[in-house]
Amino acid sequence: MTGLVAGRVAAGLAVVSVGLHVAALGAMPPLAVLLMLAAALACLRCVPALWRTSDSRAWEWTAGTAAAMVALHLLVMGTTGGPAAHGGAAHAATGHVAAHLHGEGWDLMHVASLVAGLEVVLAVGVLVARLAGRRRHLPAEVSSAR
């Protein structure tokens with residue numbers, strides 16, 4: 001996947017993330033609304049750079065913010081809908097994922113977590129590929145010194 005195509009896919013995922021954060025506003029308390037809007041702005045920050053140039057800084061920001069979103073989503077899901085809400089610790093360990101694979105239990109938080117996870121995988125993949133490309137282009141004496 002070329003850098004521009006990957007950047008446009010990532011920009012699309014970021015726009016989806018923004019939409020999911022806005023859709024989640026609903027009847028939230030004011031502080032939660034501010035946090036959701038801040039999360040939406042964090043997602044929106046990279047869209048122009050990913051769409052146009054797909055530069056490394058945009059990829060780094062995307063990887064970092066998406067990873068933070070996944071961590072926050074896991075934290076929130078663990079405190080508001082943890083094992084007890086899903087039928088106990090055994091269900092949380094094995095049945096939760098199996099239930100999702102069968103199409104059960106999907107809500108905005110789960111969809112947003114999936115989108116953020118895809119963003120992390122894509123961003124890290126692009127950054128690793130760029131790093132590998134740079135290493136291939138290093139002069140022989142610099143490569144051997146490493």
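Q: In which helix is V15 placed?

A: Helices (H or I, at least four residues) and strands (E, at least two) are DSSP runs, numbered from the N terminus. In this structure, V15 has its place in helix α1. The model is a predicted one, in which local features need pLDDT of at least 70 and side-chain atom pairs count only at pLDDT 80 or more, while totals for chains, interfaces and linings use all residues. Residues are numbered from 1 along each chain as its sequence is written, and side-chain values use heavy atoms, with hydrogens and water left out.

Q: How many helices and strands does the secondary structure of the protein contain?

A: The protein has seven helices and zero strands. Read along the sequence, these give the pattern α-α-α-α-α-α-α.

Q: Why does V15 count as partly exposed?

A: Accessibility is divided into classes: buried means under 20% relative accessible area, exposed means over 50%, and partly exposed lies in between (1.4 Å probe, protein chains only). V15 is partly exposed because its relative accessible area is 44%. E60 is partly exposed at 46% relative accessibility, and A71 is partly exposed at 47%. Of the 146 residues of the protein, 32% are buried.

Q: How far apart in space are V15 and C46?

A: Separation along the chain and separation in space are to be read as two quantities. V15 and C46 are 31 residues apart in sequence, and their C-alpha atoms are 9.6 Å apart. For E60 and V126, the sequence separation is 66 residues and the C-alpha distance is 9.7 Å. A71 and G117 are separated by 46 residues in sequence and by 9.8 Å, C-alpha to C-alpha.

Q: What share of the contacts with a separation of 6 or more comes from residues 24 or more positions apart?

A: A contact means heavy atoms within 4.5 Å. Residues 24 or more positions apart account for 71% of the contacts in the protein with a separation of 6 or more.

Q: Is E119 buried or exposed?

A: E119, found in helix α6 (residues 108-136), is buried and has no salt bridge. A salt bridge is a side-chain nitrogen of Lys or Arg within 4 Å of a carboxyl oxygen of Asp or Glu. Lys and Arg count as positive and Asp and Glu as negative, whereas His and the chain ends are not counted. The nearest side chain of opposite charge to E119 is R45, 12 Å away.

Q: Which residues is E119 in contact with, leaving aside its neighbours within four places in sequence?

A: With those neighbours left aside, E119 is in contact with A10, L13, A14, S17, T62 and A66. A10, counted likewise, is in contact with L50, W59, E119 and L122.

Q: How many residues does the largest nonpolar core have?

A: A nonpolar core is a set of buried Ala, Val, Leu, Ile, Met, Phe, Trp, Tyr and Cys residues joined through side-chain atoms within 4.5 Å. The largest one here has 17 residues, and those with the most contacts inside it are A6, A10, L50, W59, L122 and V126. Helices α1 (3-23), α3 (47-52), α4 (56-80) and α6 each supply at least two residues of this core. The largest share, six residues, comes from α1.
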